[in-house]
Amino acid sequence: MFTFTINEMEKVMYIIRNIFILLFFCSSLYAHDYENDSVFIDHPWMKIFENRGAGYFSLKNKSNQDIKIIAAKSNSIKSIEIHNIILENDVMKMRAVKDGITIPSGNTLEFKPKSYHLMFFGIEGMYHKDDMIDVQLIFENNMVIDVKFKVDDIKSSKHDHNH
Ligand SMILES: [Cu+2]
């Protein structure tokens, strides 16, 4: 018959506990999110092409009113625009969104490839995969949320940017 002594049980518990702590820290490296009373922002990440980049995240409106994202800023990036991609005569084109995007109460807006994204122009400094870049997301009614975009992909090839 297979039995544990008290001492062996303690060792097993100790190992299990450490595995859980390790899993917790590993998963927190991959997922990062930001939250206040009105919004939940999940996993901001970006691609860099030379000194330009595109940023993605999901933005949930938790409040009971519409919210509107109007701009983004960063000390490490010269200018940031909100872009959408539209299909024009079967050609996908990027367009700057000038007046911001309204997210109705309870809705989630996904900034994702081939859809809404933040376009970063003039990224200063060298970045590597998994670096974090500070960005402020700016909403109507003076709401500003500090987030970090995780650098996921770096390409040195020229980025085709057709406006
Ligand atoms: Cu763009």
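Which residues of the largest nonpolar core touch the most other members?

**View 1. The largest nonpolar core of the predicted model.** Met46, Leu59, Ile80, Leu118, Phe120 and Val135 touch the most other members of this core, which has 24 residues. A nonpolar core is a set of buried Ala, Val, Leu, Ile, Met, Phe, Trp, Tyr and Cys residues joined through C-beta atoms within 7 Å. A residue is buried if 20 or more other C-beta atoms lie within 10 Å of its own, exposed if 12 or fewer, and partly exposed in between, with C-beta atoms placed from the backbone. At least two residues of the core come from each of strands S2 (39-49), S3 (52-61), S4 (67-73), S5 (77-88), S9 (117-123), S10 (132-139) and S11 (143-155). S9 supplies the largest share, four residues. In soluble globular proteins, nonpolar side chains tend to be buried together.

Some notes on the model apply to every view. Residues are numbered from 1 along each chain as its sequence is written. The model is predicted: local features need pLDDT of at least 70, side-chain atom pairs count only at pLDDT 80 or more, and totals for chains, interfaces and linings use all residues.

**View 2. The whole protein and its elements.** The protein has one helix and 11 strands. Helices (H or I, at least four residues) and strands (E, at least two) are DSSP runs, numbered from the N terminus. Read from the N terminus, the order of elements is α-β-β-β-β-β-β-β-β-β-β-β. Of the 163 residues in the protein, 20% are buried. Two residues are in contact if their C-beta atoms, placed from the backbone, lie within 7 Å. Among contacts with a separation of 6 or more, 64% are between residues 24 or more positions apart.

**View 3. Strand S9 and its two partners.** Why is S9 largely enclosed by the rest of the structure? Five of its seven residues are buried, so S9 is largely enclosed. Two strands pair if DSSP finds at least two bridges between them. S9 runs antiparallel to S3, with four bridges joining the two strands. S9 also runs antiparallel to S5, and here six bridges join the strands. Leu118 in S9 is the bridge partner of Gly55, and Ile82 also stands opposite Leu118. Phe121 in S9 is the bridge partner of Arg52.

View 4. Nine bridges pair S2 with S3 in the antiparallel sense. One of the pairs is Asp42 with Ser58, the latter in S3. The hairpin of S2 and S3 has two residues between the strands, and Glu50 takes a positive phi near 50 degrees there. S3 also pairs with strand S8 (residues 108-111) in the antiparallel sense, over four bridges. Glu110 in S8 is the bridge partner of Ser58.

**View 5. Val135 in strand S10.** Val135 lies in S10. Is Val135 buried or exposed? Val135 is buried, because 24 other C-beta atoms lie within 10 Å. Not counting residues up to four places away in sequence, Val135 touches Ala72, Ser74, Val147 and Phe149. Val135 and Lys73 are 62 residues apart along the chain, and their C-alpha atoms are separated by 5.7 Å.

**View 6. Trp45 in strand S2.** Trp45 is placed in S2. With 17 C-beta neighbours inside 10 Å, Trp45 counts as partly exposed. Leaving out residues up to four places away in sequence, Trp45 touches Tyr56, Phe149, Lys150 and Asp152. The C-alpha atoms of Trp45 and Lys148 are separated by 8.0 Å, and these residues are 103 residues apart along the chain.

View 7. His32 lies between helix H1 (6-30) and strand S1 (33-35). His32 is partly exposed, with 17 other C-beta atoms within 10 Å. Not counting residues up to four places away in sequence, His32 touches His43, Lys148 and Lys150. His32 and Lys150 are 118 residues apart in sequence and 9.0 Å apart in space, C-alpha to C-alpha.

**View 8. Confidence along the chain.** pLDDT is the predictor's confidence in each residue, from 0 to 100. Its mean over the protein is 89, and 89% of the residues reach 70 or more. Among the elements, H1 has the lowest mean pLDDT (76) and strand S7 (residues 101-103) the highest (98). The pLDDT is below 50 over residues 157-163, a stretch with seven contacts in the model beyond near neighbours in sequence. Where pLDDT is low, the predicted coordinates should not be read in detail.
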